[in-house]
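Dear colleague,

Please find below the structure that I am handing over to you. My findings follow directly after it.

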Amino acid sequence: MLAVKPRNPMLVLLFYSALMVTLPVATFFLSQYAIENYLHTTNSRSYIYATASSVVVIHIILGIFVYYAYKEDKVVPYPPEKED
């Protein structure tokens, strides 16, 4: 049986916060560049598609975070006290 090491909740929160800041911005600019150069669209149309792709990335990150939080084991912070 594999023993799963509990993760620090603060590190998990910081990790997903960093993903929420960096990935949508990178997705916006990369998809805008790709749409303008490879599909030869106008600027306003490429902004719309780039924004939509960034929103999709945000929803994926949030979905993964919610799934992780749901699947995480419930940890009791203090063991129950013994009654004599």
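Residues 47–70 are 100% helix and 0% strand, and the end C-alpha atoms of this span lie 34 Å apart. Residues 12–35 are likewise 100% helix and 0% strand, with 33 Å between their end C-alpha atoms. Both spans come from UniProt, where an unreviewed entry lists them under "transmembrane region"; such positions are given in the numbering used here, feature names are shortened, and annotations may be inferred rather than shown by experiment. Helices are DSSP runs of H or I with at least four residues, strands are runs of E with at least two, and both are numbered from the N terminus.

The model is a predicted one, in which local features need pLDDT of at least 70 and side-chain atom pairs count only at pLDDT 80 or more, while totals for chains, interfaces and linings use all residues. Residues are numbered from 1 along each chain as its sequence is written, and side-chain values use heavy atoms, with hydrogens and water left out.

Helix α1 has 30 residues, which at 1.5 Å a residue should span 44 Å; its end C-alpha atoms are 42 Å apart, and this agrees. The expected span is 1.5 Å times one less than the number of residues. The buried residues of α1 are Val12, Tyr16, Pro24, Thr27, Ser31, Gln32 and Ile35, and α2 is included in what covers them. Buried means under 20% relative accessible area, exposed over 50%, and partly exposed in between, with a 1.4 Å probe and protein chains only.

The largest nonpolar core consists of 5 residues: Val12, Tyr16, Val57, Ile61 and Tyr68. Two or more of these residues come from each of α1 (9–38) and α2 (43–71), and α2 gives the most, with 3 residues. Such a core is a set of buried Ala, Val, Leu, Ile, Met, Phe, Trp, Tyr and Cys residues joined through side-chain atoms within 4.5 Å.

Val57 is also in contact (heavy atoms within 4.5 Å) with Leu23, Pro24 and Thr27, leaving aside its neighbours within four places in sequence. Thr27 lies in helix α1 and is buried, with a relative accessible area of 19%. With the same exclusion of sequence neighbours, Thr27 is in contact with Ser53, Ser54 and Val57. A polar atom of the Thr27 side chain lies 2.7 Å from the backbone oxygen of Leu23.

Finally, His40 lies in the loop between α1 and α2 and is exposed, with a relative accessible area of 66%. His40 has a positive phi of about 55 degrees although it is not a glycine.

Methods
A polar contact is a pair of N or O atoms within 3.5 Å; within protein, one must be able to donate a hydrogen and the other to accept it, and residues adjacent in sequence count only if both atoms are side-chain atoms.
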